[in-house]
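Reader: Could you walk me through this one? I'd like to begin with the sheets and then move on to the ligand.

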Amino acid sequence: MQTLTYWQALNRALDAEMAADDSVFILGEDVGLYGGTYRVTEGLYAKYGERRVLDTPISENSFTGLGVGAAMAGMRPVVEIMTVNFALLALDAIIDMAAKIPFMSGGQFAMPLTIRMPGGTAHQLGAQHSQRLEHTLMNVAGLRIVTPATPQDAYWQLRQAIRSDDCVIVLEHELLNFDQGPVDETIEAPPPHRAMVRREGSDLTVISYSRMANQALAAAGQLAAEGIEAEVIDLRGLRPIDWDTCAASVEKTGLLLIAEEDSRFAGAGAEIAATLAERCFASLRAAPMRVAALDLPNPYNKRLEQDIIPQPADIAAAARALINENS
Amino acid sequence: MDRELHIRFLRDMLRARRMEERFAQEYTRGNIGGFLHLYPGEEAVAVGVLHAAEPGDYIVSTYREHVHALVRGMSMRAIAAELFGKRDGCSRGMGGSMHLFDAAHRFLGGYAIVGETYPVAIGAAYAVMMRGLPEAVICFFGDGAVNQGNFHESLNMAALWKLPVLFVCENNHYQIGTEIHRHSAVTEVYKRACAYNIPAERVTGMDAEQVHTHTLDALKRVRAGLGPALLEFETYRYRGHSMSDPGSYRPQPELKAWEADDPIAAELRDLPMHYPDADTLKAAGIDTTEDIGHRAIENGHLDTHGLEKLEAEIRAEIEDAIAFALASPEPTLDEAKGYLTAGLIHETLI
Ligand SMILES: Cc1ncc(C[n+]2csc(CCOP(=O)(O)OP(=O)(O)O)c2C)c(N)n1
Ligand SMILES: [Mg+2]
C-alpha cells in the first residue's frame with residue numbers, strides 16, 4: 001500500500017472528486033497558481049483550470065458565501081479557508097447561511113458545501129494564528145465537522161465531505177500536514193462520523209480527536225511500558241459524535257480521560273464528559289477527567305506555548321493519576 | 001531636501017534594512033519563531049510616512065510592522081526581544097513578530113488578520129475627534145487587504161464622521177503569491193476612495209522624500225478636521241511574503257527592475273555632498289581649504305567615510321539589540337495569565 005503525507009492524501013481526495021464530478025470546484029486564497037499555502041491543491045490548477053481552481057481575494061466572508069450560493073444552485077464547492085483563524089471572518093457565511101439555509105427553507109435547499117481549514121497550534125504563530133475553533137463550530141446545528149488525524153482519514157473524510165449533501169467542515173491540523181501514513185484508495189471507507197478505536201485497552205478510556213488523538217496514542221505507548229493499558233478512541237469528528245463507540249469503551253474500562261488541544265472551558269471535552277457521564281454513570285468508577293489547553297490565547301514565547309497545550313506526558317500523567325486514585 | 005533630513009532618512013532606511021537582514025539570520029538560527037514577514041524594498045514608505053507623523057499621532061499596523069515600529073521610535077532592543085519571545089520585548093514576549101505594541105509611542109499594534117487595522121484606526125480617530133485634539137491616526141495596510149469588507153465599511157464611517165485618519169496603502173503588488181491584477185478588479189487602490197469622497201492619490205513608494213512630502217500634505221488636511229485621506233504608495237518587497245515563502249512565483253526580471261529602483265540606493269545617490277566649512281578645516285590644521293575641497297570632490301571621501309561611520313553605528317546598534325534580546329529572560333506562565341486582564345480588578349471564578 002502507498003504511503004502519503006496528510007497533504008498529499010487531501011490532494012488525492014480533491015483530485016478524485018474533481019475527476020468524478022464536474023460540479024466540484026475549489027476556491028480560496030492562493031489555491032491556484034501558487035499551489036496552495038500548504039500544498040494541498042498542488043497541480044490541480046494546471047489540471048482543471050482557473051475556473052475550477054479559483055484564486056480569490058482576501059474576502060473570506062464573501063467567498064465562503066459564494067460557496068453557499070453556488071451550492072444552492074447545484075454545484076459542489078470546496079472552500080479552502082487558508083487557516084482556521086480566518087474562518088472567524090466567515091462565520092456569518094458558515095453559521096448563518098450554510099448551516100441554516102436547509103432548515104430555513106423547509107428542506108428545499110441542500111447544502112453540498114465543503115469548507116476545509118487547517119487549524120490548531122503550530123509553532124509560535126502567536127495568538128491570532130493559533131486558533132482552535134472547535135468550541136465555536138461544534139455548537140452550530142446544521143454543520144457536520146470531521147477532524148481527520150491520519151492521512152487515510154484525510155483521504156476518506158474529504159471525499160465523503162465533498163459527496164455529502166450537508167455542509168461539512170473539514171477541520172485539518174497544520175502540524176499534521178507532513179505526517180506520513182498508509183493510504184488505501186480502494187477499500188471502502190467507514191462512515192464519516194464513526195469513531196475509531198485506535199488502540200485497545202482495558203484499564204481506562206482516552207477519548208480524543210485530530211492531532212491530540214495521535215498524542216494520546218503516544219501517551220498510551222508510555223503507559224503500556226508501565227503496565228497500564230489505555231484504550232484510545234479517535235472521534236474523527238465532533239458533530240455528530242459517535243456516542244455508541246465511546247459508551248461501549250467507557251462501560252468496559254470504567255474510567256474516562258479526555259484529551260483536547262482546545263481550552264477546557266465550554267469545550268469539546270466538556271460535552272464529551274457530560275454526555276458520557278449521563279450515559280455511563282453506573283459504569284464510571286470516577287468522575288471523567290479532562291486534559292486541555294489552559295484558558296488563555298496562545299503566547300508567542302515558545303516555552304509558554306508548549307506549557308499551555310497538552311503534551312503526551314501530560315496525558316500520561318493524568319491517566320496515571322486517574323488509575324492510581326481509583327484502583 | 002535639507003541635508004539633515006536627508007541623513008536622518010538615510011539612517012533610518014539603513015537601520016531598517018540591516019535590522020531585517022539580521023532578523024532573517026536569527027530566524028534561520030532558531031532564535032525567532034513563527035511567521036516572519038520582512039520589509040526590505042519598502043523602507044521608503046515607512047520612513048517617509050512616519051517622519052511626517054507627530055508624537056501625538058497613533059499608528060496602526062499589520063504583521064509586516066517591525067520597521068514601522070523602529071521608525072516610529074521604538075527601541076531596536078525592545079523589537080528584537082519581542083521577536084525572540086522574551087520578557088523585555090515590547091509585548092513582553094506574548095505577541096511576537098506580528099504583534100508589536102507600544103503604548104508610549106502610541107503604536108496600537110501589529111495585526112495579523114488582514115483588514116483589522118481599519119476598524120482599530122477609525123476607533124482611535126473617533127477618540128481623537130471627541131477630544132478635539134490636532135492628532136491623527138495612521139493606518140497601514142497592503143494591496144491585498146483592500147478586498148476585505150471592513151475596508152469599505154471603515155472608509156465609509158471615516159468619511160461620514162470626518163475622522164482624522166490617514167489610510168496608507170503599501171501596494172507591493174502581491175497578496176502572498178497572487179498578483180494584484182488577479183485579486184483586484186481595479187488595480188489602482190487610490191481610486192476606491194472616491195466612492196466615499198475621500199481625497200486620495202497614488203505616489204511612488206520608492207522615494208522617501210516624495211513619500212514624506214505627500215504625507216505631510218495629507219496629514220495637514222486630516223489634522224485640520226477635514227476628514228480622512230488615503231495615500232497609495234507603490235512599492236515592492238524584495239523577499240518572499242514571509243520566511244516560509246521563497247517568492248518564486250515572481251518573474252526574475254520584475255524583481256530585478258524593482259531592485260534597480262532600490263529606495264536606499266536612491267538615497268545614497270541623491271545624498272548631497274557636504275563639505276566642512278573653512279573654519280572647521282582650519283581648526284583641523286589642514287593645509288588649505290581649496291586643496292582638501294578639490295580632493296574631496298575628486299574622490300568623494302568625505303561622504304564615503306560618513307557612510308562607513310553610519311553603517312558602523314548601525315552595526316553596533318544591531319549587535320547591542322541582539323545581545324539584549326538573547327540575554328533577556330523568558331516570561332513566565334504567571335505573567336502570561338496576568339496580561340489577560342491588563343491588571344484590572346477582577347474576580348477569579350475558575
Ligand atoms: C483575514 C486573513 N486572511 C488571510 C490571511 C493570510 N495572509 C496573510 S498576509 C496575506 C496577504 C496580504 O497581502 P497584502 O495585504 O498585500 O500585504 P503584504 O503582505 O503584501 O504586505 C494573507 C492572504 C490573513 N492573515 N488574514
Ligand atoms: Mg501586498
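Predicted model: local features only at pLDDT ≥ 70, side-chain atom pairs only at ≥ 80, totals over all residues.

Reader: Okay, chain B to begin with: in what order do the strands of the open sheet come, and how are they paired?

Author: The open sheet in chain B is formed by six strands in the order 2-1-3-4-8-7, and the pairing is parallel. Strand 2 (107-111) and strand 7 (200-204) of chain B stand at the edges with a single partner strand each, so one side of each is left without a neighbour in the sheet. On average, and with direction ignored, neighbouring strands of this sheet are turned by 15° against each other.

Reader: And which helix packs on that sheet, touching strand 1 and strand 2 of chain B?

Author: That is helix 5 of chain B, residues 117-131, which touches strand 1 (58-62), strand 2, strand 3 and strand 4 of chain B, and whose direction makes about 170° with that of strand 3 of chain B.

Reader: How many bridges join strand 3 to strand 4 in chain B?

Author: Six bridges join strand 3 (residues 137-142) of chain B to strand 4 (residues 165-171) of chain B, the two running parallel.

Reader: What about strand 1 of chain B, how many bridges join it to strand 3?

Author: Three bridges join strand 1 of chain B to strand 3 of chain B, again with the strands running parallel, and B:Tyr58 has B:Val137 as its bridge partner in strand 3 of chain B.

Reader: Why is strand 3 of chain B described as largely enclosed?

Author: Five of the six residues of strand 3 of chain B are buried, so the strand is largely enclosed by the rest of the structure.

Reader: Switching to chain A, what is the strand order in the open sheet there?

Author: Five strands of chain A form an open sheet in the order 9-11-10-13-14, with mixed pairing. Its edge strands are strand 9 (196-199) and strand 14 (289-293) of chain A, each of which pairs on one side only. Neighbouring strands in this sheet are turned by 25° against each other on average, direction ignored.

Reader: In which sense do strand 9 and strand 11 of chain A pair?

Author: Strand 9 of chain A and strand 11 (residues 230-234) of chain A pair in the antiparallel sense over three bridges, and the bridge partner of A:Met196 in strand 11 of chain A is A:Asp234.

Reader: Now the ligand. Where does ligand 1 lie?

Author: Ligand 1 lies between chains A and B, and 22 residues surround it, the closest being A:Glu60, B:Tyr63, B:Arg64, B:Ala112 and B:Gly144.

Reader: Which side chains have polar atoms by its oxygens?

Author: One is B:Arg64, with an N or O atom of its side chain 2.7 Å from an oxygen atom of ligand 1. A polar side-chain atom of B:Asp143 lies 2.9 Å from an oxygen atom of ligand 1, while for the side chain of B:His241 the distance from an N or O atom to a ligand oxygen is 3.4 Å.

Definitions and conventions:
Residues numbered from 1 in each chain as written. Chains lettered and ligands numbered in written order. Heavy atoms only, no water. Pairing = 2+ DSSP bridges. Helix = DSSP H or I, 4+ residues; strand = E, 2+ residues; numbered from the N terminus. Axes fitted to C-alpha atoms, helices over the stretch in contact; angles between N-to-C directions. Contact = heavy atoms within 4.5 Å. Buried < 20%, exposed > 50% of the residue type's maximum accessible area, 1.4 Å probe, protein only. Near = heavy atom within 4 Å. Polar contact = N/O pair within 3.5 Å; in protein donor to acceptor, adjacent residues only side chain to side chain.
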